[in-house]
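The sequence and the model are shown first.

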Amino acid sequence: MKHWTFRLSNGKVSFQLSLRWLLIMFVCFLVVGTLFILSLSIGSNWIPIVDVFLELTGYIDQHSYVVETLRLPRVLLAMLVGASLGIAGLILQNLVRNPLASPDIIGITSGASLGAVLFIIFGTGIVSMKFLPLAAIVGGICAAILIYIISWNNGVTPIRLVLIGIGISAILKASITFFLVLSETATTTKAYIWLTGSLYGANMSDVLAMSLWLLIPLPVLLIWGRSLNVAELGDDISTSMGIHVQRQRLLFLMCSVVFAGTAAAFAGGIEFVGLMAPHIARRLVGKSFIGLVPVTALVGAFIVMLADLIARSLFLPLDIPAGVFTAAIGAPFFIYLLFQNRHR
């Protein structure tokens, strides 16, 4: 299979592209693009696909409110949320060398959710709701720092990080329930909808704000992403090759927190996408981290877009949170992975 090698910044950034990878990327773009157009067409009012193209290109202005104001921001946000969760899960699975790791399982999403719930309960009416994403990201970062500190014992091992993360996640979910029980009914209802994971009410300001947050960890993945391939060989080999294992682990853990926390901030607790997307991507393109990042992002985007399309169109006039459907798919997938890894 033919490969092309690219090196940037005096070799600090380098990656290989294969013909197979390019073909798979093309197919992924085609599938996601098709779902993108269908998502703009399908809803309480069916809009012909041709009209959607004409609307997006500015040739007609017949469905501008429905397409550009109601559906387009929601579909774009679904793409960003799915891509973020997929990449966050990919980073964690490579970092801790555990195929069952994902942000929602080891507590990062729970931390972000607790930060958002506390903001909804105590900040509503006092502070602008524009700061909700920041509260969720701060919650995710605090949870990650807590997990990292408790896991530390002359360094942090992957298995300890996962086990303590699962324990912290249970504590954080219990804390969320505790605060919701004590809060008013209206606030509790609002928080529960957010916790389930919903893209309802998305606008272009959310899309722009989330895009800016996602630009923060991307340079780290491009410059140091190759080292995660070495990390899968173990700490001893990584250290012998000049990699600062603990520094790398903390750096990429923070990257995963930013991706997962940002997704939770703008769409709530959508679960299992970070678990499923990396596994599907590995089946398609192998295990090279740099090659996996864009494919995982597209797979994650497809999962959330499809879940949201089903949620808002299949049960009209109800608009069910997308997280209900990602959980319905993800829970059996998680059980499947448990049985698969048990027999290895």
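A disulfide is taken here as a pair of cysteine sulfur atoms within 2.5 Å, and by that criterion the structure holds zero disulfides. The model is a predicted one, in which local features need pLDDT of at least 70 and side-chain atom pairs count only at pLDDT 80 or more, whereas totals for chains, interfaces and linings use all residues. Residues are numbered from 1 along each chain as its sequence is written, and side-chain values use heavy atoms, with hydrogens and water left out.

Burial is expressed through relative accessible area, with buried meaning under 20%, exposed over 50% and partly exposed in between (1.4 Å probe, protein chains only). Cys28 has a relative accessibility of 12% and therefore counts as buried, while Cys142, at 46%, counts as partly exposed. Over the whole chain of 344 residues, buried residues make up 51%.

Helices (H or I, at least four residues) and strands (E, at least two) are DSSP runs, numbered from the N terminus, and the chain comes to 15 helices and two strands. With contact meaning heavy atoms within 4.5 Å, 73% of the contacts between residues at least 6 apart in sequence join residues at least 24 apart.

The expected span of a helix is 1.5 Å times one less than its number of residues. Helix H5 (residues 132–151) has 20 residues and should span 28 Å, and its end C-alpha atoms are 29 Å apart, which agrees. H4 has 16 residues and reaches 22 Å from its first C-alpha to its last, close to the 22 Å expected. Because 14 of the 16 residues of H4 are buried, H4 is largely enclosed by the rest of the structure. The buried residues of H5 include Leu132, Pro133, Ile137, Ile147 and Tyr148. Those buried residues of H5 pack against helices H4 (108–123), H6 (158–182), H7 (185–196), H8 (204–214) and H12 (245–267).

Grid points are joined across faces, edges and corners, and a volume is the space filled by probe spheres set on the points. For the classes in the table, Ala, Val, Leu, Ile, Met, Phe, Trp, Tyr, Cys and Pro count as nonpolar, Asp, Glu, Lys and Arg as charged, and the others, Gly among them, as polar.

| Space | Volume | Lining by class |
|---|---|---|
| Largest pocket | about 610 Å³ | 15 nonpolar, five polar, four charged residues |
| Largest cavity | about 30 Å³ | four nonpolar, one polar, three charged residues |

Of the 24 residues that line the largest pocket, Leu132, Trp194, Tyr200, Asp206 and Phe266 lie nearest its centre. H5, H7, H8 and H12 each supply at least two residues of that pocket's lining.

A search of the whole structure finds one cavity of 30 Å³ or more. The largest cavity is lined by Ser39, Arg74, Val75, Ala78, Met305, Asp308, Leu309 and Arg312, and the elements giving two or more residues to this lining are H3 and helix H14 (289–313). H14 provides the largest share, four residues.

Arg74, one of the residues lining the largest cavity, is found in helix H3 (residues 64–96) and is buried, with a relative accessible area of 8%. Leaving aside residues up to four places away in sequence, Arg74 touches Leu199, Tyr200, Ala202, Asp308, Arg312 and Asp319.

Note on methods:
On a 1 Å grid over the protein atoms alone, a cavity is a set of points where a 1.4 Å probe fits but cannot get out, and a pocket is an open set with protein on both sides within 12 Å along at least five of seven lines; lining residues have an atom within 4 Å of a point.
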